[in-house]
Amino acid sequence: MKPETVALLSTHYYDRNAGAVAPPIYLSTTFERDADGTFKHGYLYARNANPNRDALERSLTALEGGFASMAYASGQAATLNLFLALAPGDHVIIPTDAYYGTPTLLEELMHPWGLTYSRVDMTDLDQVRAAMHENTRVIWVETPSNPLLRIVDIQAIADIAHEGGAICVCDNTWASPVLQRPLLLGCDVVMHATTKYLGGHSDVLGGVLVFKEDGPLYQRVRRLQSVGGAVPSPFECWLVLRGIKTLTARVRMQTETAAKVADFLATHPAVEVVHYPGLPNHPGHEIAKKQMSGFGAMLSIQVRGGAEEAMRVAAKVQIFTRATSLGGVESLIEHRASVEGANSLTPPNLLRLSIGLEHADDLIFDLKRALE
């Protein structure tokens with residue numbers, strides 16, 4: 001079935017009590033035992049499982065074409081759980097331009113614990129091969145990357161990982177399962193911040209890991225999810241599941257608008273460079289065409305005149321909202337380096353744009369006015 005149909009069918013709820021079309025929210029933290037001590041409904045305690053979380057995990061599994069999913073309280077919690085499933089002394093490879101929270105997590109939490117990691121430019125496959133060690137267990141892919149929208153060949157990286165006895169994990173947040181399905185391209189695990197496109201309304205925090213198959217790693221992470229308890233509440237699961245119902249319509253419209261905005265910005269004299277894989281001159285354009293069904297609704301621009309001029313442009317917009325995050329129905333703009341802080345590798349004149357559901361002409365007019 002096509003993604004539009006999967007998104008609807010996978011979120012449908014069969015209510016035997018009242019015939020409700022929208023699923024109820026199960027707020028109970030504990031569930032009754034039968035007289036013989038068993039749990040005929042399969043639920044013991046909300047940290048272990050909950051009907052709303054089960055429904056969300058089944059939907060995400062269907063969307064990504066995986067074996068099973070695990071929902072978390074945030075994307076960072078999902079990432080942390082994956083790394084915690086490794087052992088002290090193991091090695092991880094991540095992109096040089098990964099979402100800044102990923103290396104921060106590795107450096108501040110996992111490295112003191114004993115995990116080692118390397119950062120490489122994953123658009124250069126030779127660098128990835130050279131970074132492989134005997135103890136490399138994970139190659140972490142992020143494509144399109146945040147915030148430079150670099151494109152990584154998922155199949156090629158997965159092949160390198162498997163040849164070295166490692167697994168390939170893809171942060172698929174920016175593409176969403178509507179535009180890219182890494183498990184079908186050789187990846188073993190997919191991570192999403194469900195806060196973004198899957199939730200889609202800037203009102204819920206969440207994350208997920210989707211596994212391609214059962215095995216020791218899946219079982220270990222599932223155990224960590226239960227023991228660690230970094231799980232979303234029933235209401236948060238309900239909100240993400242509701243967002244998934246409109247996911248394909250939102251992403252396709254946002255992607256179409258983003259392409260128009262990128263085309264406009266690419267010819268504007270105040271813009272130094274536009275980072276958007278849909279532009280033919282983007283270095284990763286051909287790879288993106290091969291592994292994505294659309295180029296996404298995220299783009300970044302570098303403004304001529306440096307950080308001060310970039311901040312001035314962001315201050316002048318009236319339709320875009322100056323805020324962190326992405327994937328919601330409203331268009332956002334932010335000066336990324338100032339958000340990331342002193343250790344940021346992002347160019348100081350870069351503005352990151354998340355395109356929402358406003359009309360393309362209005363967004364273009366807003367940016368044109370701010371740039372001039």
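## Close-up views of helix packing and loop residues

**View 1. Helix α10 goes past helix α14 in a right-handed crossing.** The model is predicted, so local features need pLDDT of at least 70 and side-chain atom pairs count only at pLDDT 80 or more, while totals for chains, interfaces and linings use all residues. Residues are numbered from 1 along each chain as its sequence is written, and side-chain values use heavy atoms, without hydrogens and water. Helices (H or I, at least four residues) and strands (E, at least two) are DSSP runs numbered from the N terminus.

Look for α10 at residues 247–266 and α14 at residues 360–371: their axes come within 9 Å and cross at roughly 30 degrees. The axes are lines fitted to C-alpha atoms over the stretch in contact, with angles from 0 to 180 degrees between N-to-C directions. That angle is why α10 is described as roughly parallel to α14 (under 35 degrees; over 145 is roughly antiparallel, 65 to 115 roughly perpendicular, and the rest oblique). From α10, the residues in contact (heavy atoms within 4.5 Å) are T257, K260, V261, F264 and L265, and from α14 they are A360, L363, I364, L367, K368 and L371. By class, this contact has eight nonpolar residues, one polar and two charged. Nonpolar covers Ala, Val, Leu, Ile, Met, Phe, Trp, Tyr, Cys and Pro, charged covers Asp, Glu, Lys and Arg, and the others, Gly among them, are polar.

**View 2. Helices α3 and α4 also cross in a right-handed way.** Here the axes of α3 (residues 75–84) and α4 (residues 101–113) come within 11 Å, crossing at roughly 40 degrees. With that angle, α3 is oblique to α4. On the α3 side you will find Q76, T79, L80, F83 and L84, which meet G101, T102, L105, L106, L109, M110 and W113 of α4. The contact of α3 with α4 contains eight nonpolar and four polar residues, and no charged ones.

**View 3. N50 sits in the loop between α1 (3–9) and α2 (51–64).** N50 counts as buried because its relative accessibility is 2% (buried is under 20%, exposed over 50%, partly exposed in between, with a 1.4 Å probe and protein chains only). Follow the side chain of N50 to the backbone oxygen of Y26, which it reaches at 3.0 Å. Beyond its neighbours within four places in sequence, N50 touches Y26, S28, F31, Y43 and P234.

**View 4. Y45 belongs to the loop between α1 and α2.** A relative accessible area of 40% makes Y45 partly exposed. Setting aside neighbours within four places in sequence, the contacts of Y45 are T29, T30 and F31.

**View 5. P277 lies in the loop between β8 (271–275) and α11 (285–291).** P277 is buried, because its relative accessibility is 0%. Besides its neighbours within four places in sequence, P277 contacts L149, I151, H282, H285, A288 and F295. Its C-alpha atom is separated by 6.0 Å from that of F295, 18 residues apart along the chain.

**View 6. D153 is placed in the loop between β4 (136–142) and α6 (154–163).** At 16% relative accessibility, D153 counts as buried too. The side chain of D153 reaches the backbone nitrogen of Q155 at 3.3 Å. Leaving out neighbours within four places in sequence, D153 is in contact with I287, K290 and Q291.

Methods. Polar contact = N/O pair within 3.5 Å; in protein donor to acceptor, adjacent residues only side chain to side chain. Left-handed = near helix turned anticlockwise from the far one by under 90°.
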